[in-house]
Amino acid sequence: MAGLQPQDDPLKMSHRETWKMQHERLHVKHRGHEAMHAEMVLILIAMLVVAQIVLVQWKQRHCRSYNMVTLLQMWVVPLYFTIKLYWWRFLSTWGMFSVITSYVIFRATRKPLSCRTPRMVYKWFLLIYKLSYAVGVIGYLAIMFTMFGFNIFFRIKAEDSMDVGVIMLFYGLYYGVMGRDFAEICSDYMASTIGYYNMGGMPSRNLSNDMCAVCGQKIFVDVDEEGIIEDTYQLSCNHIFHEFCIRGWCIVGKKQTCPYCNEKVDLKRMMNNPWERTHVLYGQLLDWLRYLVAWQPIIIGIVHGINFSLGLE
């Protein structure tokens, strides 16, 4: 230890200096392996292309099984990394979300269906959707806040503000995707149980003029009136619904058709102001990110297995 310089002593180095030293050692270790690295990159690109083709074909041919497997992976894969990397904060939120959502799904799949269940289900998933949207936006703003250097004015370390932004953005996107997928499953179960809608698209019961086809309950507010708690919505097919029900069905439950007659729904007519349209865009973003969260770790794991079998480091 006599020849060890103070700046080389790990005990006296800062976190940034330690990371820099480890990075330099990594470069020294892999120097001269350019051909091997190029081969590994080609394997990764080929695997991504093949996986994309397989997943697209699977989704087109067997959409229901694809969605179920994807949802199961999104629920389990983060749990594995959480336990492995000791992310107890995420584990606590994951546990609370799982317990409450499991109870909601249990209520939504019961037969006969309670008259209060549909509204409870849509209120829960609409709450998750809005919370995830807010948390994701705050996380994104925190990242932009750090990248433009505003953290210096508040004497906040860049690493700390960036960590907060990335974590909040991940929380918002992850729970947003999970909430929408579980809401879609509950939508199918509840609507088919009530009887106004089924997977074939043909209603099995007649709908009266004052009934909501999503929850099966009576509508007391006219379309032209302004409700105290919620309004009444009328689609282009002239069928009317409770505000919470049809918003949950279309925006959260990802249904783009009328719950009764299966006619295409124009979501723009449901938006009271331009700010609400961002919720639809956010939902489309969540659908795209599902592939990244659910399948990317599996693909990377397969690539690592191929590299290991070929003796590539």
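A nonpolar core is a set of buried Ala, Val, Leu, Ile, Met, Phe, Trp, Tyr and Cys residues joined through side-chain atoms within 4.5 Å. Buried means under 20% relative accessible area, exposed over 50%, partly exposed in between (1.4 Å probe, protein chains only).

**Ground rules.** I am working on a predicted model, where local features need pLDDT of at least 70, side-chain atom pairs count only at pLDDT 80 or more, and totals for chains, interfaces and linings use all residues. Residues are numbered from 1 along each chain as its sequence is written, and side-chain values use heavy atoms, with hydrogens and water left out.

**Core.** I looked up the largest nonpolar core, which has 50 residues. F125 and F241 touch the most other members. I then checked which elements supply at least two residues each; among them are α2 (34–61), α5 (117–147) and β2 (240–242). The biggest giver is α6, with nine residues. Helices (H or I, at least four residues) and strands (E, at least two) are DSSP runs, numbered from the N terminus.

**F241.** I listed its contacts (heavy atoms within 4.5 Å). Beyond neighbours within four places in sequence, F241 is in contact with residues including C212, V214, Y233, I246 and P259.

**T70.** I found T70 in helix α3. T70 counts as buried because its relative accessible area is 0%. Its side chain reaches the backbone oxygen of Y66 at 2.7 Å. Leaving aside neighbours within four places in sequence, T70 is in contact with R290, A294 and W295.

**F153.** I found F153 in the loop between α5 and α6. F153 counts as exposed because its relative accessibility is 68%.

Notes. A polar contact is a pair of N or O atoms within 3.5 Å; within protein, one must be able to donate a hydrogen and the other to accept it, and residues adjacent in sequence count only if both atoms are side-chain atoms.
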